[in-house]
Amino acid sequence: MEVLWQGLRQAGELILTADAELLRILVLSLAVSASATALSALVGIPAGAALAVGRFRGRGVVQTLVNTGMGLPPVVVGLVITILLWRTGPLGFLGLLYTPAAMVLAQFTVAAPIAAGFTQAALELLEPDLAGALRVDGAGSAKLAQELCRAALPQVLVAVAAAFGRAIAEVGASLMVGGNILGQTRTLTTTITLVTSRGEFGLAIALGIILLALALLVNAGLTWRARAAVAA
Amino acid sequence: MPGLAKRVLTGLAVLLLGGCSGQAAPSGSPAVNRPPVILATTTSTQDSGLLDVLVPMFEKQSGWQVKTVAVGTGAALELGARGEADVVLVHAPEAEKKWMADGNGAKRLLVMHNDFIIVGPPADPAGIRGLAAAAQALDRIAGKQAVWISRDDRSGTDQLEKQLWKQARLDPAGAPWYVTSGQGMGATLTLAGQKAAYTLADRATYLARKNGLGLALMVEGDPALLNVYHVMPVNPTKFPGVTINTAGGEAFASFMVAPETQQVIAEFGKDKYGQPLFFADAGKDESQLGL
């Protein structure tokens, strides 16, 4: 138990002293996960909206992909992306392995289905009358999806928050495709893995607390944004 | 991360004291667009903190940027054999010789050694404390069916452990007291401490992790427990069509056996643990170590 208190104290120290190494890790974690979340939203929200309103060819396939993707094991994603990005692999020419870009790709792969699935669920929960009324007004599918997203904005923001949560919490894939390289691809979660194996449990807890605080801040920000959207 | 910062500073201080004679960077000044050097190595070099000192030092000296991939020795050799690394730093002499014989490496240079030790619960239920022969200790552990943790991850440590059981003419695989962790050295030591079990550890990781583990040193000093590290640049001719960073790999290998680096290795950990974690061996012959 003592180690938890030690961790709490250490977390405070690290934050108060603005530890340079911690800052770098924090900034990288945020940059990677925010990029992955933005990409996930860009792809996931339209995909989720399309699934909610559209009746298009291949819908069943996309639906299955999204449903399965929401439970995608990061370690498998990491392994497959690593092999694809190997110098001898099909995407090796990009030179992306062991870079933050590879980590963005991995986190995007696990986060995008979450954004899609949550968006779809949010839109399908809206009053069916709304969709009907919009259709009567002559709205096309694209217009309809857009209006529904606007109506369900708070829930869509929750979808984005969930995607961010998945991205920032992810460790298995980031470790593999990033390599956990000091100063280049070491994020909060991969650092926690490393310092735990080094037996620096206090530091691991401290970093864990910081990670939780970060997730809390981002979620609080999005929730606040969602409230504001409802009020408007 | 005060501990980390301290280690880096120590390494730099040693570097300044030891190697201020101004040896020119071997590969010239840092150039733009130079590909990174991919170093595949073992978890023990990372878990002990040695790489956090050596890699920045190499980057500063040579201008190459290093991407360190810390995996088990088995995986590191496999990455090298697939042309996915430019240089490997590992510790499994038998596997390395085979790897070289398969044409994967350009050369194989002795870097350093430390030793493996058998650690276990202070109560020592198998009664092995102070035994001179590792094989005899394993024999007693098997006889008492005392819990033993094997990493079982094809790391250098794991490969040596399997060799020791072979030497003891025992095959513990599948026995209920033979537990496999499948994890790195640090995590395996934690597991052994929690389960009051015996395990084989490299001395560097054990010293770095000793406090609070609840494990005691049981067996040391058997020549069979020697832990030797070699650096091997990957042989580019084996991989036509793959751009191996030959110059970078060679530069890292030369760096590892350079006098200043060797001095940093020899000093590493002394301030924190009262004894060095590794013994510098560049230029020696393996037979001088008793292999």
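Which residues are buried in helix H4 (residues 73-81) of chain B? In this predicted model, they are Thr73(B), Ala76(B), Leu77(B), Leu79(B), Gly80(B) and Ala81(B). An α-helix has 3.6 residues a turn, so residues three or four places apart point the same way.

What do the buried residues of H4(B) pack against? The table lists these partners, which are strands and helices of chain B.

| Element of chain B | Residues |
|---|---|
| Strand E1 | 37-41 |
| Strand E2 | 66-70 |
| Strand E3 | 87-90 |
| Helix H5 | 93-101 |
| Helix H7 | 156-167 |

Just past the end of H4(B) comes Gly83(B), with a positive phi of about 75°.

Now take chain B as a whole. Its secondary structure consists of twelve helices and ten strands. Chain B has 291 residues, and 51% of them count as buried. Consider the contacts in chain B between residues at least 6 apart in sequence: 77% of these join residues at least 24 apart.

Helix H2 of chain A covers residues 20-53, and helix H5 of chain A covers residues 100-124. Their axes come within 6 Å and cross at roughly 35°. The crossing of H2(A) with H5(A) is right-handed. The residues of this contact comprise 22 nonpolar, ten polar and one charged.

Finally, the two chains touch. In the contact, 15 residues of chain A meet 20 residues of chain B. On the chain A side, six are nonpolar, four are polar and five are charged.

Note on methods:
Residues are numbered from 1 along each chain as its sequence is written. Chains are lettered from A and ligands numbered from 1 in the order in which they are written. This is a predicted model: local features need pLDDT of at least 70, side-chain atom pairs count only at pLDDT 80 or more; totals for chains, interfaces and linings use all residues. Axes are lines fitted to C-alpha atoms, for helices over the stretch in contact, and angles run from 0 to 180 degrees between N-to-C directions. Helices (H or I, at least four residues) and strands (E, at least two) are DSSP runs, numbered from the N terminus. A crossing is left-handed if the near helix is turned anticlockwise from the far one by less than a right angle, and right-handed if clockwise. Ala, Val, Leu, Ile, Met, Phe, Trp, Tyr, Cys and Pro count as nonpolar, Asp, Glu, Lys and Arg as charged, and the others, Gly among them, as polar. A residue is buried if 20 or more other C-beta atoms lie within 10 Å of its own, exposed if 12 or fewer, and partly exposed in between; C-beta atoms are placed from the backbone. Two residues are in contact if their C-beta atoms, placed from the backbone, lie within 7 Å.
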